[in-house]
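Here is a short report for someone meeting this structure for the first time. Keep the sequence and the 3D view open as you read.

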Amino acid sequence: MPTINVNRDLLFKLLDTHFTEEAFDELCFEFGIELDEVTSEKQMKAKEQGMDRSKGAAEDVIYRIEIPANRYDLLCIEGLVRALLIFLGKAQIPEYRAITPPKAQLQQLIVLPNTMQVRPYAVAAILRGIHFTQEIYDSFIDLQEKLHQNLCRKRTLVAIGAHDLDTVKGPFFYDARVPNDIKFRPLKQTKEYTATELMELYSTDDHLKPFLHIIKDSPVYPVIYDQNNVILSMPPIINGDHSKITLKTKNIFIEMTATDLYKAKLVLDTFVSMFSEYSEQKFTVESVEVTQSDTSRDLFPTLKYREETVSVDYFNKNLGISQTAQQINTLLKRMSLGSEVIDEQLLRVRIPPIRQDILHACDILEDVGIAYGYNNIEFTVPKTQTIGHQFFLNKVTDQLRYEISRCGYTEILTFSLCSRDDIGEKMRRKDSLSKAVHVANPKTFDFQVGRTSLLPGLLKTIYSNKQIPLPLKLFEISDVIFKDSNEEVGARNERYLSAIYYNKTPGFEIIHGLLDRILHVLEIPFSANKKGVGYFIRAANDPRFLSGRCAEVVVNDKVVGIMGVLHPQVITNFDLAQPCSALELSLQALITHDLNQ
Amino acid sequence: MADKKLIEDILVLLSERCRFNSLSLSIELSIDHQKIVGAIKSLQSLGDIIKSEQNETKRLDLTREGQQMVEKGSHEAVVWKLIGEEGMDQSKLMKEFGDPSAAKVGFSKAMSQKWIEIDKTSKVVKRKVEAIEDEVQLLLHRISRMDLNEVNEQQKQELKKRKLIQEVIVKSYDIEKGVNFTLNVEKQETDITGEMIAKGSWKEKQFKDYNFDAMGIPPERGHLHPLLKVREQFRQIFLEMGFTEMPTNRFIESSFWNFDALFVPQKHPARDLQDTFYLSDPQTCNDVPVDYMERVKAVHSTGDFGSQGYQYDWKIEETKKNVLRTHTTAVSARMLYQLAQQCKGQAFKPAKLFSIDRVFRNETLDATHLAEFHQIEGVVADVGLTLGDLMGLIKEFFLKVGVKRLRFKPTYNPYTEPSMEVYSYHESLKKWVEIGNSGVFRPEMLLPMGLPPNVNALGFGLGLERPTMIKYGIDNIRDLCGHKIDLQMVYENPVCILENH
């Protein structure tokens with residue numbers, strides 16, 4: 001969830017209420033945001049850069065507030081304050097409007113076909129008559145940053161550029177050029193660079209480095225310039241210094257380039273709505289005519305209100321409340337949703353352009369629930385009558401866990417993911433790797449493959465517990481994972497049962513005794529003549545075990561497991577020192593047999 | 001057990017004399033003192049038959065050399081005897097004596113006693129007196145018999161100096177009759193035996209007292225894993241509430257079931273490589289239900305079922321990518337889809353489902369985060385369920401684990417709306433803490449499956465590790481899960497009782 005930092009005193013001033021921290025926390029809880037941390041610039045700096053560097057930093061109290069991931073309209077103090085004021089009944093719902101100036105004054109952005117190769121779409125808008133204060137300016141920059149991170153998916157989908165309109169002259173062009181043909185002085189630099197040089201320059205810049213890959217390998221780079229060929233920006237990397245906004249900027253030209261036009265419209269609507277309250281004409285935005293490379297021409301921002309007709313029953317029946325149309329109408333308004341009562345049963349809800357999280361009537365339902373207060377709804381128990389069932393495999397697993405622990409074995413629980421070596425090299429079974437599923441993006445060696453055996457986990461557990469008196473008798477019943485092309489996803493789980501005996505003597509007969517017990521309690525008889533119904537063990541070769549000390553477990557003529565004295569090399573591969581017997585059964589194979597009986 | 005005869009003798013003597021010392025008794029009976037002490041200790045263990053008091057006395061003991069002298073005479077006497085009446089060459093004398101240092105001592109002592117003399121030229125040693133009295137031997141003999149009255153202090157010092165005697169501290173017991181004195185002590189039995197029961201002899205036996213302050217012998221035992229003990233309790237609770245367990249034994253899921261079916265857009269951050277484990281082999285799934293997939297695609301890309309959708313270019317390649325499931329809700333989605341298939345042309349059959357199983361996140365590990373952990377999940381699908389029902393259900397569920405004060409906070413989940421975080425009041429922290437997540441599954445998830453529009457599905461979930469860590473006071477999740485667990489902790493781990501009782 002994204003978090004925003006707001007100055008507490010400024011927040012309370014804007015909310016026109018002095019809250020105690022507790023009262024504000026309570027308001028957040030009700031509204032569905034979270035007061036995550038109370039800090040100050042000084043504290044944050046001290047935390048990130050050390051005490052020394054924090055000297056002189058502001059000590060004003062800062063609230064770090066967590067915002068739901070779909071509420072882009074709350075990512076700046078302007079949006080947050082407006083929403084809370086309306087929620088508290090202290091402000092009216094604003095009406096966001098796009099104003100189209102007379103044709104002669106209408107600014108234009110023309111997208112040229114070259115952009116198709118790299119970043120094909122652009123939208124734009126103008127905010128007029130802004131009076132920046134330092135706080136508003138900071139918030140303006142900060143919201144761009146927040147949107148870049150979230151909705152814009154780290155600038156891959158959309159990149160935002162804001163410019164001082166009075167320093168440039170439209171119409172504006174969005175083009176894509178060969179990197180060496182782009183040359184300008186970027187923000188915070190003192191001289192001009194070509195785009196190629198810039199990519200080099202920013203390859204060591206912590207802030208910009210993460211975005212370079214978006215265009216790096218393209219033959220042409222995006223660029224926006226005005227009619228005098230003054231470069232405004234090289235999206236999605238950096239703006240030009242020439243048109244940069246300052247505290248003195250009055251008229252702001254906002255351009256957004258994108259790989260997803262729909263997202264670009266959303267980001268533009270959100271961004272300009274938030275700051276339109278500072279426009280000369282409050283809550284208005286000046287339209288820009290954008291010609292896309294397919295020559296389609298549209299005015300932006302769209303700032304479109306959507307209407308949804310919802311029944312009173314829908315709210316009452318889904319939330320478990322009983323409110324009249326009028327009452328719901330009031331609740332909706334507290335959530336900044338304009339609405340009108342059509343009749344006793346129907347409401348028409350007007351969804352503002354900033355509420356892009358509202359996709360379906362259920363999203364409106366949630367807002368009514370929040371306004372009503374979740375905790376004011378009567379808690380009822382569903383009338384649903386059902387009879388519970390256990391999943392058979394889990395039921396047997398639980399019964400065997402008890403049975404085996406009664407035999408003096410201690411249950412452990414190890415990870416399903418492990419390193420390739422754990423199941424391959426160290427177990428002397430490299431062929432395991434061809435049966436295992438492989439993880440594409442593990443952060444460490446410990447998560448390279450899905451395990452195909454529980455034994456490595458048991459051995460690693462012994463290694464971590466060398467101080468515990470011998471013998472160690474451990475077991476685990478868990479799923480292993482195998483590739484299986486017959487399965488829908490190409491892999492399947494299989495429930496395995498493994499036990500290990502670690503002592504000064506190998507104890508084959510001890511682990512054998514456990515096998516006998518397990519099969520006995522599963523009502524699988526011993527087959528003295530080694531065929532037909534029942535189980536027996538027979539000599540086998542498995543590189544994990546010492547030759548001549550290994551047997552496979554056969555049930556109804558099918559091999560269901562293996563047991564034996566582990567190979568000394570396996571013991572030393574896991575940094576152990578004593579002999580060790582182990583048993584591994586496919587519980588699934590065992591009980592499948594049982595079901596077939 | 002000490003010699004039974006000796007014990008009886010001691011008791012008889014005690015009945016005659018009332019009081020004696022163990023050391024004097026040892027001399028009197030010519031029985032090794034240690035044996036007497038053993039017998040006394042046995043009697044002590046039988047209760048108050050005797051009263052005993054330990055005391056320490058000093059005693060003179062002969063050294064080995066002194067002991068030899070009692071038998072053979074002092075070195076000087078031996079020298080005198082060896083010389084014989086004819087006399088003897090000095091070097092021969094030394095040789096015959098054997099031990100050279102003892103011979104030297106004997107020679108010089110005999111000389112100073114004037115028992116012998118030496119011819120300085122021929123080096124022949126001759127007796128100077130015809131008879132000698134070996135006083136050293138006599139004194140040593142007296143000491144050995146504890147007959148100390150005739151040995152004076154100066155003589156003792158002399159013998160000590162010659163290292164023929166030494167002082168030792170002797171612990172002995174003064175014994176008298178105890179409160180329960182009896183001549184007839186039956187030996188106390190350690191414990192009852194089968195033989196005693198068979199013969200009935202237990203009736204006459206006395207049994208040694210048990211030490212009730214000692215700990216018992218730990219039973220031979222195996223143990224269950226703490227986390228799985230807690231899992232069992234939660235599993236039990238769901239079963240008590242009439243829920244059916246879902247078959248969650250599939251760790252590998254397609255992105256389709258893990259994300260797309262749940263209306264998680266393909267560009268959602270949860271689907272990043274940073275957060276989700278993707279597979280390189282098998283990289284993609286083999287199939288996805290085609291009709292259903294088309295409906296899912298529509299609801300994502302263009303909107304459908306009354307939803308605006310996310311309006312983006314939905315890609316089949318993305319949906320087929322295999323992942324290690326990031327939540328068990330992937331299985332819940334399969335189950336709900338199955339329910340939808342079953343109700344085609346028939347009345348909808350309500351369901352209550354649960355699961356507790358592993359999920360995987362490509363997390364950076366720390367004291368509270370693992371790359372794989374257990375998720376507890378409950379789902380109820382029925383006609384006409386409300387948000388109030390969900391809260392009531394969660395309340396009942398948590399009551400069973402002893403959590404009484406609950407409240408709900410609005411939150412955002414991509415596949416539920418409304419969504420609620422579950423908070424409980426932590427009595428010792430004195431604040432509200434998040435304990436779970438919940439919500440009503442979105443129509444964009446349920447309707448493409450083919451579920452009737454009047455069916456709501458409620459879901460709630462929580463982690464299994466955290467309640468376990470709280471229950472058992474474990475701070476680091478790696479002490480609980482995985483191979484680094486401390487087996488001693490497992491050995492000592494109590495049963496899992498979650499409810500207040």
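The text below goes through the interface, the sheets, the salt bridges and some single residues.

## Where the chains meet

This is a predicted model. Chain B brings 105 residues to the contact and chain A brings 96 residues. The area buried between chain B and chain A is about 8400 Å². Carbon and sulfur atoms give 56% of that area. The size of an interface is often given in this way, as the accessible area lost when the parts come together.

Polar links also cross the interface. The rule finds 57 residue pairs in polar contact between chain B and chain A, both residues at pLDDT 80 or more. Helix α16 (residues 387-399) of chain B gives the most to the side of chain B that touches chain A, with eight residues. That side of chain B divides into 45 nonpolar, 31 polar and 29 charged residues.

Strand β22 (residues 438-439) of chain A pairs with strand β11 (residues 279-281) of chain B. The sense is antiparallel, over two bridges. Here A:V439 stands opposite B:L279.

## Salt bridges

Side chains of opposite charge can pair when their charged atoms come close. The count over all chains comes to 65 salt bridges. Between chain B and chain A the count is 10 salt bridges.

| Pair | N to O distance |
|---|---|
| B:D272 and A:R153 | 3.0 Å |
| A:E488 and B:R334 | 3.0 Å |
| B:R17 and B:E28 | 2.4 Å |
| B:E195 and B:K199 | 2.6 Å |

Take A:E488 and B:R334, which form a salt bridge. A:E488 lies in the loop between β24 (472-483) and β25 (491-502) of chain A, and B:R334 lies in helix α15 (residues 329-342) of chain B, so the pair joins two chains. A:E488 is partly exposed, at 22% relative accessibility. B:R334 is buried, with a relative accessible area of 11%.

The salt bridge of B:R17 and B:E28 stays in chain B. The pair links distant parts of the chain, 11 residues apart. B:R17 is in helix α1 (residues 4-17) of chain B, and B:E28 is in helix α2 (residues 22-29) of chain B. B:R17 is partly exposed at 36%. B:E28 is partly exposed at 44%.

B:E195 and B:K199 both lie in helix α10 (residues 194-199) of chain B. They are four residues apart, about one turn of the helix. Both are exposed.

Which residues form a salt-bridge network? A:D398, A:R401, A:E411, B:R231, B:E232, B:R235 and B:E245 are linked in one.

## Sheets

Strands of a sheet pair through backbone hydrogen bonds, either parallel or antiparallel. In chain B, seven strands form an open sheet in the order β9-β13-β14-β18-β17-β16-β15, with mixed pairing. β9 (244-245) and β15 (406-410) of chain B stand at the edges, each with a single partner strand, so one side of each is left without a neighbour in the sheet. Strands β16 (residues 416-426) and β17 (residues 431-441) of chain B pair antiparallel over nine bridges. B:S419 stands opposite B:G439 there.

Chain A has an open sheet of seven strands in the order β20-β24-β25-β29-β28-β27-β26, with mixed pairing. Its edge strands are β20 (410-411) and β26 (535-539) of chain A. Strands β28 (residues 558-566) and β29 (residues 580-586) of chain A run antiparallel, joined by five bridges. A:V565 has A:S581 as its bridge partner.

Strand β17 (residues 306-311) of chain A shows two faces. A:R306, A:E308 and A:V310 are on the covered face, and A:E307, A:T309 and A:S311 are on the uncovered one. Six bridges join β17(A) to strand β19 (residues 346-351) of chain A, and the two run antiparallel. A:E308 stands opposite A:V349.

## Buried places

Helix α4 (residues 77-87) of chain A is mostly covered, with 11 of its 11 residues buried. A:G89 follows α4(A) and has a positive phi, near 75°.

A:F211 is in helix α7 (residues 209-212) of chain A. Is A:F211 buried or exposed? A:F211 counts as buried, at 4% relative accessibility. Beyond its neighbours up to four places away in sequence, A:F211 touches A:Q149, A:K154, A:R155, A:P236 and A:I237.

B:H268 is in the loop between α12 (255-258) and β11 of chain B. B:H268 counts as buried, because its relative accessibility is 17%. Its side chain reaches the backbone nitrogen of B:A270 at 3.0 Å. Leaving aside neighbours within four places in sequence, B:H268 is in contact with A:R153 and B:P414.

Technical notes: Residues numbered from 1 in each chain as written. Chains lettered and ligands numbered in written order. Predicted model: local features only at pLDDT ≥ 70, side-chain atom pairs only at ≥ 80, totals over all residues. Heavy atoms only, no water. Buried < 20%, exposed > 50% of the residue type's maximum accessible area, 1.4 Å probe, protein only. Pairing = 2+ DSSP bridges. Contact = heavy atoms within 4.5 Å. Buried area = accessible area lost by both parts, 1.4 Å probe. Salt bridge = Lys/Arg side-chain N within 4 Å of Asp/Glu carboxyl O. Polar contact = N/O pair within 3.5 Å; in protein donor to acceptor, adjacent residues only side chain to side chain. Nonpolar A, V, L, I, M, F, W, Y, C, P; charged D, E, K, R; others polar.
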